[in-house]
Amino acid sequence: MEEVCVDILVPANYSIPGLAFKRKVIQWHGQLYPQDLVQAQYEYFKLTMGPLPSFVPSNLPGDLQEQQWQCISIEYDDDKLPGHLASPADIFGERSIFFELVAKLVKEVDKWVIVFTPDCNDPEEKGGGNLEVALKKIEESFNTKKGFIMYQTSVL
């Protein structure tokens, strides 16, 4: 299945309700080894906190460039994916669990950034909007094969 890259940026001090991010720990020969990855699971999606993609800040308005962010990368977990979801367009499509997850991540904050690329190439479009516009843009992305960066600077 083709790769889709999704990063959601929310303010660094924001604690996302209902998601328990934990540091992954591996046990080997009776020893516990904490890993760098801080992850959570939401249905069949794996969420990983990580660094901000380097191309993002220069594509944001000045006030958002100065914001301290936490970056959450979202990937689907093949092992937990239901059989009826055969393509990325099904997985990330309208009224999907993915849309529910995006809403959960950004609905309580006044500033956020969504980076969505259906082929993991650099996003071709950027601009402001609200959650409804962002979700429509995700649907369009599978038809146009164009990624985007969308941001909200305050509740619109």
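Cys5 and Cys120 are joined in a disulfide (a pair of cysteine sulfur atoms within 2.5 Å), with their sulfur atoms 1.9 Å apart. The model is predicted: local features need pLDDT of at least 70 and side-chain atom pairs count only at pLDDT 80 or more, while totals for chains, interfaces and linings use all residues. Residues are numbered from 1 along each chain as its sequence is written, and side-chain values use heavy atoms, with hydrogens and water left out.

By the distance rule, the count is one disulfide. Because the torsion about the S-S bond of Cys5 and Cys120 is about 100°, this disulfide is right-handed. Cys5 belongs to strand β1 (residues 5-11) and Cys120 to the loop between β6 (112-117) and β7 (125-128), so the pair ties together parts that are 115 residues apart in sequence. Strands here are DSSP runs of E with at least two residues, numbered from the N terminus.

Cys5 is partly exposed, at a relative accessible area of 26%, and Cys120 is partly exposed with a value of 26%. In this scheme buried means under 20% relative accessible area, exposed over 50%, and partly exposed in between (1.4 Å probe, protein chains only). Cys71 takes part in no disulfide; the nearest cysteine sulfur, that of Cys5, is 11 Å away. Cys71 counts as buried because its relative accessibility is 3%.

Elsewhere, Trp28 lies in strand β2 (residues 22-28). Trp28 counts as exposed because its relative accessibility is 55%.

Technical notes. Helices (H or I, at least four residues) and strands (E, at least two) are DSSP runs, numbered from the N terminus.
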